[in-house]
Amino acid sequence: MLSLVLFALFVLTHACAVPQDAGASRWVPVSSPSFERELSIERGEGEPALVVRHDEVLTYVVEMDIGPFKGISVGQSGFRSRVVDSVEGEIGYFEAVFEGEQAGYVLDHRLRSRHHPSGDPKFESFDTQRGSENRKRQIRVQRGEDGFTEVYRFDGHCKGCKDQHHFVDPKWPCGKRKHCESKCKTAQHRVWQDPVSRSVPEHSLDYLSSIYLIRSLVRSDAESLGTPLLDKNRLWNLKLIKAEKKKIEVPLGEFACQRVLIEAQRPESESGGGKFRGLFGMKGSMKFWVHEKTGVLVQISGELPLGPLDLGVKIRLKEAQNAPEGLIALGR
Ligand SMILES: [Zn+2]
Ligand SMILES: [Zn+2]
């Protein structure tokens with residue numbers, strides 16, 4: 001195992017392009033200063049709102065167990081939220097990045113949720129993986145005459161076409177250039193598949209947004225909170241449940257934390273098929289520890305499929321910029 005080459009790099013990108021929204025109505029002026037600016041996204045009668053905090057950046061170290069080596073620090077992951085103005089009102093973004101490389105397997109996984117409560121589409125979710133494997137998924141929740149529709153699209157490897165960019169050189173000197181084979185993993189050979197549509201509940205979220213919804217649960221008196229959740233074109237009922245409290249030590253300090261259980265149930269109206277995937281495709285039982293007062297994510301542990309292996313991964317809070325005021329380490 002000592003010969004195992006391990007190199008991992010986790011980068012938080014701050015420079016995502018913000019698409020400009022067209023249109024000229026419902027301008028929402030913002031009076032609060034940017035450092036405490038928030039966007040509240042209503043989730044229906046009696047439900048606590050989902051809050052997007054402007055310019056908050058959380059950085060985490062990522063530790064993995066590889067063979068006999070436990071808790072190897074292999075880089076960092078980042079979560080960021082921000083609020084931007086558009087001509088059709090404020091837009092809230094959540095973004096999460098996970099980049100790494102292990103024994104030649106390269107992973108660059110980015111999640112992005114775009115909430116536009118007064119616009120259309122009301123909600124979009126992007127899931128992009130690059131590196132040794134490549135794929136893109138996009139969820140769009142649009143307003144319609146009879147409620148809300150999800151348009152889901154994903155990319156796949158081209159099964160064979162006339163595009164010369166998909167052609168590869170022959171293995172033998174006398175061979176001809178021909179279209180690559182289906183096991184090819186080249187990102188540029190992947191094309192968007194036909195989108196699929198379905199009706200969905202108005203306040204459907206994606207997994208990344210539900211991580212931020214934990215804050216609304218922690219700040220409320222309720223013991224649990226539910227939300228419709230979209231994973232690809234499947235609908236789940238997600239339940240966030242308050243569990244035990246414990247002090248958790250992470251690089252930023254020791255925090256009074258509460259564990260939050262995340263349970264996904266298939267609604268009766270959904271046909272079978274498909275397993276529920278956790279954050280960044282994590283498998284098994286994930287443990288979420290959040291700060292007991294603010295609900296800020298302090299530590300996650302779970303199993304992450306990295307190439308042929310499922311590796312034990314811990315994501316631990318290292319830095320917090322512009323986090324809620326109450327996020328204070330014990331003994332400070
Ligand atoms: Zn092709
Ligand atoms: Zn190909």
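How many helices and how many strands are there in the protein chain? The chain has one helix and 19 strands. The model is a predicted one. Of the 332 residues in the protein chain, 30% are buried.

**Contacts along the chain**
- Among contacts in the protein chain with a separation of 6 or more, 59% are between residues 24 or more positions apart.

- Strand β1 covers residues 38-41, and its side chains alternate between two faces.
- Leu39 and Ile41 point to one face of β1 and are buried.
- Strand β2, residues 50-53, pairs with β1 in the antiparallel sense, and four bridges join the two strands.

**Strands β5 and β6**
- Strand β5 runs over residues 91-102 and is mostly covered, with 11 of its 12 residues buried.
- Strand β6, residues 105-115, runs antiparallel to β5 and is joined to β5 by 11 bridges.
- Glutamine 102 has tyrosine 105 in β6 as its bridge partner.
- β5 and β6 form a hairpin with two residues between the strands.
- In this hairpin, alanine 103 takes a positive phi near 50°.

Notes
Residues are numbered from 1 along each chain as its sequence is written. Chains are lettered from A and ligands numbered from 1 in the order in which they are written. This is a predicted model: local features need pLDDT of at least 70, side-chain atom pairs count only at pLDDT 80 or more; totals for chains, interfaces and linings use all residues. A residue is buried if 20 or more other C-beta atoms lie within 10 Å of its own, exposed if 12 or fewer, and partly exposed in between; C-beta atoms are placed from the backbone. Two strands pair if DSSP finds at least two bridges between them. Two residues are in contact if their C-beta atoms, placed from the backbone, lie within 7 Å.
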